Each structure stands twice: as C-alpha cells, then as structure tokens.
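Work through these exercises with the sequence and the 3D view side by side. Try each task before you read its solution.

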Amino acid sequence: MRVLLTCLALIAFTAHAGDARVYQTDKYGNIQYHKPSYTIKSDGRVIQTDAYGNKLYHKQQYLMRDNNIVPIDAYGSRQYSKPTLVIEGRKTASVNRKP
C-alpha cells in the first residue's frame, strides 16, 4: 500500500489540471486494467476507481497537501487514527505517525 501511495504522489505532481488515473502494473510494467486504479482529482483528492471507471467513494480516500498524503473519509474529514504519509523528495516516502 505504501508503494502504491508513493507512486500516486509522484504521478500527481505531474498532473496539473483535470483528473489523472493511476493504474497498477505487474512486474513487467504491463497495466492491470482488471484491478482497481486510483483517480487523482484536480483538488488533490485521491479516490479508488474500479475497472469500469466508477469512483468508489465508500473506500479509503486520501488528500495530497504540500508534502503530505492525508487519509480522509468520504466527506473530506481528516482521519486522525490513520497515519499520514510524508513525501521526502521524488523517490521515497515515509510514514509519519501522529498520536
């Protein structure tokens, strides 16, 4: 999951307008269209999307702010019981656990 969020962070920096899709790949780099993907909206919200393009608002969502990936619920409220991911440059991410 951490690797997927790191990929989301790296791809989201290149998306400037509109929605961007992030797909899972296998070890050879082939896109796995039958697996869930993620949509990154222009406001920084990351929403899981099924294979048909339907957004799964009832699943875990994230909000990208500054250098943090913050877990939020379907209403946009911060979930303090879940860890925040901190982006440290372009290639690495670490977990920042706040009480």
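The exercises below go from the whole chain to single residues.

The model is predicted, so local features need pLDDT of at least 70, side-chain atom pairs count only at pLDDT 80 or more, and totals for chains, interfaces and linings use all residues. Residues are numbered from 1 along each chain as its sequence is written, and side-chain values use heavy atoms, with hydrogens and water left out.

**Exercise 1. The whole chain**

Task: State how many helices and strands the chain has, and in which order they run.

Solution. Start with the rule: helices (H or I, at least four residues) and strands (E, at least two) are DSSP runs, numbered from the N terminus. The chain has one helix and seven strands. From the N terminus on, the order is α-β-β-β-β-β-β-β.

Next, take the surface. Areas come from the Shrake-Rupley method with a 1.4 Å probe; for residues, only the protein chains shown count as cover. The accessible surface of the chain is about 6600 Å². Carbon and sulfur atoms hold 51% of that surface.

Now sort the residues. Buried means under 20% relative accessible area, exposed over 50%, and partly exposed in between (1.4 Å probe, protein chains only). Of the 99 residues, 33% count as buried.

**Exercise 2. The core**

Task: Find which residues make up the largest nonpolar core.

Solution. A nonpolar core is a set of buried Ala, Val, Leu, Ile, Met, Phe, Trp, Tyr and Cys residues joined through side-chain atoms within 4.5 Å. The largest one has ten residues: Ala-20, Val-22, Tyr-38, Ile-40, Val-46, Tyr-62, Met-64, Ile-69, Leu-85 and Ile-87. Strands β1, β2, β4 and β6 each supply at least two residues of this core. In soluble globular proteins, nonpolar side chains tend to be buried together.

Look at β6 next. Four of its five residues are buried. Strands pair if DSSP finds at least two bridges between them. Two bridges join β5 to β6, and these strands run antiparallel. Ile-69 stands opposite Leu-85 in β6.

**Exercise 3. Ser-37**

Task: Is Ser-37 buried or exposed?

Solution. First locate Ser-37: it is in strand β2. Its relative accessible area is 1%, so Ser-37 is buried. Then list its contacts (heavy atoms within 4.5 Å). Not counting residues up to four places away in sequence, Ser-37 touches Arg-21, Val-22, Tyr-23, Ile-47, Gln-48, Thr-49 and Asp-50.

**Exercise 4. Two polar contacts**

Task: Which side chain does the side chain of Gln-32 reach in a polar contact?

- Gln-32 lies in the loop between β1 (20-22) and β2 (37-40). Its relative accessible area is 14%, so Gln-32 is buried. Its side chain makes a polar contact of 3.4 Å with the side chain of Asp-26.
- Arg-78 lies in the loop between β5 (68-72) and β6 (84-88). Its relative accessibility is 23%, so Arg-78 counts as partly exposed.

**Exercise 5. An aromatic pair**

Task: What kind of aromatic pair do Tyr-23 and Tyr-33 form?

Solution. Rings of Phe, Tyr and Trp (its six-membered ring) pair if their centres lie within 6.5 Å; planes under 30 degrees apart count as stacked, over 60 as edge-to-face and the rest as tilted. By this rule the count is one pair. Tyr-23 and Tyr-33 lie 5.3 Å apart, centre to centre, with 65° between the planes, and the pair is edge-to-face. Their C-alpha atoms are separated by 7.1 Å. Tyr-23 is partly exposed, at 31% relative accessible area. Tyr-33 is exposed, at 52%.

**Exercise 6. A backbone angle**

Solution. Most residues other than glycine have a negative phi. Asp-66 is not a glycine, yet its phi is positive, about 45°. Asp-66 lies in the loop between β4 (61-65) and β5. At 74% relative accessibility, Asp-66 counts as exposed.

Note on methods:
A polar contact is a pair of N or O atoms within 3.5 Å; within protein, one must be able to donate a hydrogen and the other to accept it, and residues adjacent in sequence count only if both atoms are side-chain atoms.
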